[in-house]
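Please read the numbered points alongside the sequence and the model.

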Amino acid sequence: MNELRAVFAALSDETRFDIVERLMKVGELPAGDLVTDAAISGPAISRHLKVLREAGLVGQRAEGTKRFYSVRPEALKTISDWTIDHRAFWEAGLDRIEAALAAEEDTWQT
């Protein structure tokens, strides 16, 4: 559960969420490309990447002097598994909303 909390905490920041989204869409990128695309400094991107690495969301590999980053699918699977585990809760909530709306509609029609 701590791993899941760390993942959600890391993704709660807009910049980190955007980095993960970009890496999911484009694939592996060097840190320099992430800096170029962001409206923040290189050191700030580095701090965000460190948080994402520590949460297990992104992996890093070195090639010469460049550092390449990519999303770790197993981290995203953690989110998916949690969502699936709680599916019954979400469905029951939606069923309750549907019943409440139907009851309200019945009151308006009478």
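1. Exposure classes. A residue is called buried under 20% relative accessible area, exposed over 50% and partly exposed in between, with a 1.4 Å probe and protein chains only. Glu-54 has a relative accessible area of 60% and is therefore exposed.

2. Basis of the note. The model is predicted, so local features need pLDDT of at least 70 and side-chain atom pairs count only at pLDDT 80 or more, while totals for chains, interfaces and linings use all residues. Residues are numbered from 1 along each chain as its sequence is written, and side-chain values use heavy atoms, with hydrogens and water left out.

3. Glu-54 is placed in helix α4; helices (H or I, at least four residues) and strands (E, at least two) are DSSP runs, numbered from the N terminus. Between the C-alpha atoms of Glu-54 and Ala-6 the distance is 8.4 Å, although 48 residues separate them in sequence.

4. The Glu-54 to Lys-50 pair. Side chains of opposite charge can pair when their charged atoms come close. Here a salt bridge means a side-chain nitrogen of Lys or Arg within 4 Å of a carboxyl oxygen of Asp or Glu. Glu-54 and Lys-50 form one, at 3.9 Å from N to O. The two residues are four apart in helix α4 (residues 42-54), so about one helical turn separates them. Lys-50 is partly exposed, at 44% relative accessibility.

5. Other salt bridges. The whole structure contains six salt bridges. Arg-61 and Glu-63 are joined by one of them, their closest N and O atoms lying 2.9 Å apart. Arg-61 is partly exposed at 35% relative accessibility, and Glu-63 is partly exposed at 46%. Glu-28 joins Arg-61 and Glu-63 in a network of salt bridges. A further pair consists of Arg-72 and Glu-74, at 3.2 Å from N to O. Arg-72 is partly exposed with a relative accessible area of 32%, and Glu-74 is partly exposed with 44%.

6. Packing of α1 and α5. Axes are lines fitted to C-alpha atoms, for helices over the stretch in contact, and angles run from 0 to 180 degrees between N-to-C directions. The axes of helix α1 (residues 2-11) and helix α5 (residues 73-85) cross at roughly 110° and come within 10 Å. The two helices are therefore roughly perpendicular, a class that spans 65 to 115 degrees, with angles under 35 counted as roughly parallel, over 145 as roughly antiparallel and the rest as oblique. Contact (heavy atoms within 4.5 Å) joins Glu-3, Leu-4, Val-7, Phe-8 and Leu-11 of α1 to Thr-78, Ile-79 and Trp-82 of α5.

7. Packing of α2 and α4. Helix α2 (residues 14-26) and α4 have axes that come within 10 Å and cross at roughly 75°. This angle makes α2 roughly perpendicular to α4.

8. A nonpolar surface patch. Patches consist of residues with over 30% relative accessible area and no salt bridge, like charges being joined within 9 Å and nonpolar side chains (Val, Leu, Ile, Met, Phe, Trp, Tyr) within 5 Å. Accessible areas come from the Shrake-Rupley method with a 1.4 Å probe; for residues, only the protein chains shown count as cover. Leu-94, Ile-97 and Leu-101 make up a nonpolar patch with about 310 Å² of accessible area together. Leu-101 belongs to helix α6 (residues 87-109) and is exposed, at 53% relative accessible area.
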